[in-house]
Amino acid sequence: MAGRDNLFDNTTVINAGASDQQFTSGEASENALVSLFGRVMYSYDSRYMLSASIRRDGSSRFADGHRYGVFPSVSAGWNVMNEEFFESAKAVMNELKVRASWGKLGNQEIGNYKTQRTLKSGMNGMQGNSWWMGAITGTAWVSPQNLTWKETSTYNIGLDMSFFNGRLSFTADAYTQETTIFY
């Protein structure tokens, strides 16, 4: 049962009624996410490695025209140890690999119904703590229609080395991350 004096007749959520008529509380929400994912991996002679993936997500949290995002990634590696010119160093060094990658992620965590049209009403006429003459009352539909996926791009380069039958190893990574929010 919904609260009393609902703005719309088909409201079934308790908190949708007039606040002075509330005796209990409750709310409801729902959202949907659909994803497609594809990945390709390639290795040549255990020396050169390549991986690429693409993801397409659709979220009900965004307005039509902004619901879908495409998030690709690619990585490459070179296993230098498997090169012929490196044979003489294998007595001391067991591993030498160079890596690089780039990828983009999407984030839909804006909460439910943030892009839904909402009914706002109120009075314009108060500045600070004082009222002024000519106050205007009204109601308007408000909708942030351009809100869409937050995107994070990450760039990475890395180096893996191992010496003396794995007794000493070294890994180094350098990366940068950029996040973009679209409104």
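Two strands count as paired if DSSP finds at least two bridges between them. In this predicted model, strand β2 meets that description with strand β3 (residues 68-79), to which 11 bridges join it in the antiparallel sense; within this pairing, alanine 52 has valine 74 of β3 as its bridge partner.

**The hairpin of β1 and β2**
- Strand β1 (residues 33-44) and strand β2 (residues 48-59) run antiparallel and are paired over 12 bridges, with serine 35 standing opposite aspartate 57 of β2.
- Three residues lie between β1 and β2 in this hairpin, and aspartate 45, which belongs to the turn, has a positive phi of about 55 degrees.

**Pairings of β4**
- Strand β4 (residues 93-107) is joined to β3 by seven bridges in the antiparallel sense, and tryptophan 78 stands opposite valine 98 of β4.
- Strand β4 also pairs with strand β7 (residues 150-163), again antiparallel, over 14 bridges, and here the bridge partner of alanine 100 is isoleucine 157 in β7.

**Serine 101 in β4**
- Serine 101, a residue of strand β4, has a relative accessible area of 29% and is therefore partly exposed, since that class lies between the buried limit of under 20% and the exposed limit of over 50%.
- Leaving aside residues up to four places away in sequence, serine 101 touches Val74, Ser75, Thr154, Tyr155 and Asn156.
- Although serine 101 and alanine 76 are 25 residues apart along the chain, their C-alpha atoms are separated by 6.3 Å.

Methods:
Residues are numbered from 1 along each chain as its sequence is written. This is a predicted model: local features need pLDDT of at least 70, side-chain atom pairs count only at pLDDT 80 or more; totals for chains, interfaces and linings use all residues. Side-chain values use heavy atoms; hydrogens and water are left out. Helices (H or I, at least four residues) and strands (E, at least two) are DSSP runs, numbered from the N terminus. Buried means under 20% relative accessible area, exposed over 50%, partly exposed in between (1.4 Å probe, protein chains only). Contact means heavy atoms within 4.5 Å.
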